[in-house]
Amino acid sequence: MRNYLNIIVAYSIMMLLIILVGIFQSWSIALTIFNYCMISAVMTLGANIQWGYAGLINFGIMGYTALGGLAVVLVSVAPVPEAWSVGGVNMMTCLGIIIIMIFSTRYILKNIQKSKKRNYLIAGIIIVGLILIKIIAGPAIEQIEAVDPAKTGFLGGLGLPVLFSWIVGGLFAAGLAFIVGKVALGLRADYLAIATLLIAEIVVSIIKHEDWLARGVKNVIGLKRPAPYEIDLQTSPWFINLVEKFHSAKLNLANSLSERQDILNQLVIDASSVYVKLCFAGMFLVVVIILLIITQKALYSPWGRMMRAIRDNEEAASAMGKNVVKQHLFIFILGSAIVGIAGAMMVTNDGLFTPGSYRPMRYTFVIWVMVIVGGTGNNFGAILGGFVVWFLWVEAAPIALFFINLFTAHLPETNEIKIHLINSAPYFRFLLVGIGLLLIMRFRPQGIIPEKIIKQ
Amino acid sequence: MDLINAVIVLLNYTIIPALTYGSQLALGAIFVTLIYGILRFANFATGDMMSFGTMFAVLLTYYFQSIGISFGFLPTALLTIPFAIFMMILYMLLIDQTVFKYYRIKKSPPVQLAMVSVGVMFVTQAVIRIIIGPTDRRFLDGEKFILKATEFKEMTGLAEGLTIKSTQMITIVITIIVVAIMFWFLNKTKTGTSMRAYSDNEDLALLSGIDPKKVVLITWIIAGILATIGGILYGLDKSYRPFVYFNNMLPIFAAAIVGGIGNPYGAFFGGYVIAFAEIFLTYAYKRFLVYILPESLEPNSLMQLLSTDYKFAISFSILVIVLIFRPSGIFEGKRI
């Protein structure tokens, strides 16, 4: 128990902070923050598996998050039959060509010895394939995008339940991680960081500009939800009764029946948004707990010990007969898949897919700050890091505003410096997170909850 | 005649813009490569440091304009370069003393330093946004064009016009001057040689009596000059916006690695490789082919290999290809 004391204390403080937000701002905001904290926690768990367990630096988190989000669109949105009828055949042919390209390249790699001839053959296959795809897909894409462009203009998805897309998101991310891992994992750490960051940028720019796939920067809105809709709740009698019971004291204070009805309506609207967020919170909590149990078990299994051995001394582990390359690839895929799940969760929570919003600042660097602040190599630390940093990221502006007002209280309202500072309050989040990262790196490089190695 | 027209089209829409963009990238890439070669870490704050220097140039330009100082037909921003460089170097040295020095003395692994530079990136972004805000700012004044399309057409009687913006000319000329001075400094002076020695083998350099403090100081000074000038030239040519500068870090990294990181010549070359690839692959060749091909073969489509949306993606794909086939870069850089 004593071992876990600092973890319990840290988590209690975090929960207290969120509850304080609930009391002082509103419960709806507190739950939004909580849900996002949980999504960030899943992302940090994924990044922590790569960095904390294996020492692999992955700055491509943005790309996996975006792929997870894409999975939600491709799985849950209803298919667009008109688009399929005008361009479906051509797009499927292109998919076939890509698969043929991959397999023929693999065949050449296996059966022809390393030589210039092999390189030319592979280059030839890729160029011929790309030209074919351009010829076949070009007109089809134009036709698909012309189908009711204000609403659809894309192929649509499969129309399956949205929860299923969380798994698909993980699989998509795993697929990308396999390719990235094959290409980049041999590189030295900081090259790996740059390479993964740039590959993630390529992925995001493809999602952004291929409108036939997921509408690109036109965004997909109104995605399915695994939770009830506020509007439905507000009209269902059982929910109104529940709210009535919950707030009976407050309602009894009302003077007249019409006033009582007004108060009740307002309460029902508030409660419906809280209820929906609670549903999401419950689902996310289940995911976090499942992942935490699995990662915790893995960390203290023989496999986890092997990963740590590889991380701490690659040559020694390799000399002991461990296949370092294979294990690196495996853990890279595993961590990325978890990030993909988080990406799908986030889009499900938002109910909309906005490819334009995937930026490295928010989806790579902030996540990395979370991992480092929380504690590398410790899953509890990673989750805590997700909570702490996301909380700071969201609450930085109100906190900054409070301090600006405090320190400039003696200045008149028209003072230019004061106005300028108040206008730039949102940017203090960068300052807060940056200074937090620098301080942690300097004075507590192992993070808030450091890695713990159980000696047996 | 058609042939000349075709060449003019290419010059106007691809070669001159690519040279300009390449020069801006090259300055940034040399900055990255110097930090990587001598201080031994990938500086993720690159874009924001360039933005920081440019911010001073923008503010000073506004100030100079308000008190009526101008630089004739050249942009006022050129006058502010020395001051901006001075502020930039001060900021870099401050960051180095408070942040990077500790890890350098501790001989931390490069990954840790890269992580720390992410922290610096956050702080720099915050400082820039708090001081100047995130909005788009244009600070170009003076003559906009050296050669206008209509003038060119009148002069030569050709169907196609050639436009040269003054910023394009300024960028190319200043880049050539700065890079020439820098290479002269690195190759011919004693300090430059000691910097290269330090970059090649730190222990041997220390043994032969090279003062590491001086090398680090000079590196930051050169880095400050390159970052500020690169940033100002980019800002003059396009516009100044903090977010764009952060994004520019990525093609700059690509240029540095493609050229062979740690190798300034490679970085210089890499900048142009990236710029030319981006522009040549996204240019619509229809107009060019109309002049070259006989009428019966005239293309119907735009003859564009990739849409311009993929500009950035191209530079990153080049990087990936280089990493697979020649991981140490086109010119031999540091071993990975």
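This is a predicted model: local features need pLDDT of at least 70, side-chain atom pairs count only at pLDDT 80 or more; totals for chains, interfaces and linings use all residues.
**View 1. Chain B as a whole.** Chain B contains 13 helices and two strands. Its radius of gyration is 21 Å, close to the 20 Å given by the globule rule for 336 residues, so chain B is as compact as a globular protein of that length. Taken along the principal axes, the box filled by the C-alpha atoms of chain B is roughly 70 × 55 × 35 Å. Of the 336 residues in chain B, 45% are buried. Among contacts in chain B with a separation of 6 or more, 75% join residues 24 or more positions apart.

**View 2. Helix α2 of chain B and B:Tyr63.** Helix α2 of chain B covers residues 46-67, and B:Tyr63 lies in it. The 22 residues of α2(B) should span 32 Å at 1.5 Å a residue, and the end C-alpha atoms are 32 Å apart, in agreement with that value. Just after α2(B) comes B:Gly68, which takes a positive phi of about 85°. B:Tyr63 has 13 other C-beta atoms within 10 Å and is partly exposed. In sequence, B:Tyr63 and B:Tyr240 are 177 residues apart; in space, their C-alpha atoms are 16 Å apart.

**View 3. The contact between chain A and chain B.** Chain B gives 35 residues to this contact and chain A gives 32 residues. On the side of chain B that touches chain A, the elements giving two or more residues are α3 (77-106), α4 (110-132), α10 (242-259) and α13 (311-325) of chain B. The most comes from α4(B), with 13 residues. This side of chain B divides into 28 nonpolar residues, five polar and two charged.

**View 4. The two domains of chain A.** Domain 1 of chain A takes in residues 25-79 and 156-443, while domain 2 takes in residues 80-155. The C-alpha centres of the two domains of chain A are 33 Å apart. Where they touch, seven residues of domain 1 of chain A are in contact with eleven residues of domain 2 of chain A. The side of domain 1 that touches domain 2 in chain A is made up of four nonpolar residues, one polar and two charged.

**View 5. Helix α15 of chain A.** This helix runs over residues 324-350 of chain A, 27 residues in total. From first C-alpha to last, α15(A) reaches 39 Å, close to the 39 Å expected at 1.5 Å a residue. Of its 27 residues, 19 are buried, so α15(A) is largely enclosed by the rest of the structure.

**View 6. The largest nonpolar core.** In soluble globular proteins, nonpolar side chains tend to be buried together. The largest nonpolar core in this model has 218 residues. Those with the most contacts inside it are A:Val42, A:Leu198, A:Ile338, A:Val369, A:Leu437, B:Ala254 and B:Ala255. Helix α2 of chain A (residues 27-53) supplies the largest share of this core, 16 residues. At least three residues of the core come from each of domain 1 and domain 2 of chain A. Leaving out residues up to four places away in sequence, A:Val369 touches A:Val389, A:Val433 and A:Leu437.

Methods: Residues are numbered from 1 along each chain as its sequence is written. Chains are lettered from A and ligands numbered from 1 in the order in which they are written. Two residues are in contact if their C-beta atoms, placed from the backbone, lie within 7 Å. Helices (H or I, at least four residues) and strands (E, at least two) are DSSP runs, numbered from the N terminus. Ala, Val, Leu, Ile, Met, Phe, Trp, Tyr, Cys and Pro count as nonpolar, Asp, Glu, Lys and Arg as charged, and the others, Gly among them, as polar. The expected span of a helix is 1.5 Å times one less than its number of residues. A residue is buried if 20 or more other C-beta atoms lie within 10 Å of its own, exposed if 12 or fewer, and partly exposed in between; C-beta atoms are placed from the backbone. Domain bounds come from an automatic or database domain assignment. A nonpolar core is a set of buried Ala, Val, Leu, Ile, Met, Phe, Trp, Tyr and Cys residues joined through C-beta atoms within 7 Å. The radius of gyration is taken over C-alpha atoms; the globule rule is 2.2 Å times the number of residues to the power 0.38.
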